Amino acid sequence: MSTRMYPGMGPEERTTFPPYSAFDVPADLRQLHGRYDVEATARRVRNFRYAEEWLMMTLGGWIATIPEVPVKTGLGKIIWETALAADEFGKRLPELRCGRKALESSEASNHAFADFVQAVAEPETPDLTIEKLAGVFDVLIPHLVEVYELHNRETDAICDAPTIEILEHILRYKRQHIAWGDEVLDTLCESDALRERRRVRADSLQAQLVESGGVTGQLSQAPPSDA
Amino acid sequence: MKRFIPHEELARDSRFVRQDNAQVNVLASLPDDLDVVVGVFEKFSPMIEASVQGTAAQPLFEKYGPGFMLTILNEPLDPEAPAALTRLLLRMHGIFVGELQALEGAARSLWDFPEAPWEFKMNMARQCWDEGRHVQIFEKLLTHLGGEVGMFPESTFLFEAACSEDPAMRVAGVNRGLEGLACDVFRDMIRYAEKTDDEVMKQAVDYVLADEITHVRFGSEWVREFTKDSPEHLERAQEFRREVDRRFSFGGARSDREDAAIPIAWEDRVEAGFSQEELEELTQLAGEGPSKQTLVDAAEILRERYLAERRDPGHESVS
């Protein structure tokens, strides 16, 4: 039997190549189904960008008011990686039908979350490094990690793959940031009294975060996580 | 958290000692008059002495008197000169705290100007990472040379001079004034490292210099952008940068004089976006102030008077 290299006009003129594609190896088990449509994802990305932009600005404000030199230098790197995260979210927005001017648009999910962000940024004087870092590394960033992971589990794995890729990339940094912050806080909190300060600050902000509904304003609507 | 903080509120750990910025500010405005230079430094003597107590600069004060900074600042670094290592460490420590203040200046720009364009924030965020690495690099170079953080007092005049509440002036001051000075100092440090075959220092400082050129470029672009609709605003930003450059010239120590302690790095500055006209202007204003000879004579008079006072407290010397 001769091999037909190109299809012709009639049904008997098909090629002999089996219907085989890269998607079959391994089998593509993803389904065209996700919890968020284009508008919902765009809104969430704007919310994510709001949190990242304010996190970056807050850390920038703090560097001059933190006496510990390794904390200053460590935050310098985290500021840059947080800016990259906000930038990636901004670049995704025009792809989600938000218009080309959407690159710089950030939006808090609600006033309560905006107030929470301001509460995180509130500590100012040099004796409050523990309060500053606990707000960011014990509460805000772990919350963002949780929501980004949840988004990746719930969104349409094929249609919204660009957002998933962005979040995967950002998550890698975020986990490093949490580990760094945790190590710094463990070092700074060398007595029970200091550990208590960390705990009180984290608990207070955690309560405010839950009350606000979190970065997307939908904490209570989230289904239980797989874990 | 409030916007805009004064330099007194820059947070430091217990290793650091502050130096009154008045000394540096006065140095930048001194005329070429021997009596005035000597008089000013004698007036500041108690303040200078107090600020060096317990630091590695104390022996220099005890040897040269209140004019020791004139000698340190105005003589080019020479590995064969007396107290060469102390002078090298003093400069390295000055660079270290300068990087710290540059980090703080760039970082505060993120908080102080929340309405600034996103690209500006991206540039400042990138600068935060770079300056943070520079702090780490110069801390390691200090150790490499046998020094340590806090061994000399810190003057916060860089932050004080450069951090304006106007974003155009902030970038003119921090990114063009402060970072421009860094280009001059680092090119000189690379020359010193070549003279002493210090490959570690040469390579590290060369990388830092590459970063600084990028930061000056950020400044050049953002001054243009922030002032594009107002020639009057541009002129104010340029005047602010001139004033910063005047103060950062330390009475001619950083200048285009043949025997300047810190020569102006023309080629690096051109690459960073300084125009020929700006560089000629910098040369002119950096050359203002006391001549090299005036400073050398003043340092000698101050040393003699100080040592005479120590030998015979209360005596009156005649110059």
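Let me begin with chain B, which is divided into domain 1 (24-74 + 290-319) and domain 2 (85-288), the bounds coming from an automatic or database domain assignment. This is a predicted model, in which local features need pLDDT of at least 70, side-chain atom pairs count only at pLDDT 80 or more, and totals for chains, interfaces and linings use all residues. Residues are numbered from 1 along each chain as its sequence is written, while chains are lettered from A and ligands numbered from 1 in the order in which they are written.

Taken over C-alpha atoms, the centres of domain 1 and domain 2 of chain B are separated by 27 Å. Their contact takes 17 residues from domain 1 of chain B and 19 residues from domain 2 of chain B, where two residues are in contact if their C-beta atoms, placed from the backbone, lie within 7 Å.

Now to chain A, where helix α2 (residues 69-92) and helix α5 (residues 161-188) pack at an angle of about 165 degrees, with their axes 10 Å apart. Helices here are DSSP runs of H or I, at least four residues, numbered from the N terminus, and axes are lines fitted to C-alpha atoms over the stretch in contact, with angles running from 0 to 180 degrees between N-to-C directions. α2(A) and α5(A) are therefore roughly antiparallel to each other, a term for angles over 145 degrees.

Finally, A298(B) touches L34(B), V37(B), V38(B), F41(B), G67(B) and L70(B), leaving aside residues up to four places away in sequence.

Note on methods: Helix = DSSP H or I, 4+ residues; strand = E, 2+ residues; numbered from the N terminus. Parallel < 35°, antiparallel > 145°, perpendicular 65-115°, else oblique.
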